Amino acid sequence: MNAGTIVLLILVLLVVIYVMRGFKIVSQSETMIIERLGKYQRTITAGINIILPIVERAKDTITRMPNGSLRMNSRIDLREQVYDFDKQSVITKDNVMTEINALLYFQIVDPMKSVYEIQNLPLAIEKLTQTTLRNVVGEMELDETLTS
């Protein structure tokens with residue numbers, strides 16, 4: 001093999017690697033946000049998608065795992081999700097302190113907004129739920145909270 005053949009093989013290998021990295025396979029219940037040079041480009045949906053590997057990349061987001069831990073992930077789950085929150089101390093309208101468990105069901109309907117309009121979605125959902133729960137229970141008397 002001469003030097004020209006080796007260079008050609010290396011170039012072919014680099015092109016094959018480039019093309020393979022450009023294929024993104026997204027599962028049925030997921031989506032990905034694609035950025036081109038750091039700016040929002042598009043949202044890719046289920047199936048085989050093609051990106052430009054050097055200038056485009058999938059945006060990482062914070063997701064909550066079933067065990068409650070947080071991790072970075074480039075895929076956004078579009079299925080309905082469940083968060084189970086710890087007990088919350090709440091004061092009712094008649095100044096009685098009680099503890100309430102919260103279970104929240106939610107679904108992401110706009111992936112772009114869930115990535116770019118809030119920094120930490122799981123934490124924001126948790127804090128909004130806690131605040132709303134305290135607000136609602138704070139306007140009720142103890143008897144009402146036990147029956148509703």
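Me: What makes two strands count as paired here?

Reply: Two strands pair if DSSP finds at least two bridges between them. Strands are DSSP runs of E with at least two residues, numbered from the N terminus. The model is predicted: local features need pLDDT of at least 70, side-chain atom pairs count only at pLDDT 80 or more, and totals for chains, interfaces and linings use all residues. Residues are numbered from 1 along each chain as its sequence is written, and side-chain values use heavy atoms, with hydrogens and water left out.

Me: In which sense do β6 and β7 pair, and over how many bridges?

Reply: Strand β6 (residues 61–64) and strand β7 (residues 70–73) are antiparallel, with four bridges. Ile62 has Met72 of β7 opposite.

Me: How do the side chains along β6 point?

Reply: In a regular strand the side chains alternate between the two faces of the sheet. In β6, Thr61 and Thr63 point to one face and are buried, which is to say under 20% relative accessible area with a 1.4 Å probe, protein chains only.

Me: How many residues of β2 are buried?

Reply: Six of the seven residues in β2 (residues 30–36) are buried.

Me: Which strands pair with β2?

Reply: β2 is antiparallel to β8 (residues 75–77) over three bridges, with Glu30 partnered by Asp77. Five bridges join β2 to β3 (residues 39–44), also antiparallel, and Met32 stands opposite Ile44. Antiparallel pairing with β5 (residues 56–58) has three bridges; there Arg36 faces Glu56.

Me: What lies between β2 and β3 in their hairpin?

Reply: Two residues separate the strands, and Leu37 takes a positive phi near 55°.

Methods. Buried means under 20% relative accessible area, exposed over 50%, partly exposed in between (1.4 Å probe, protein chains only).
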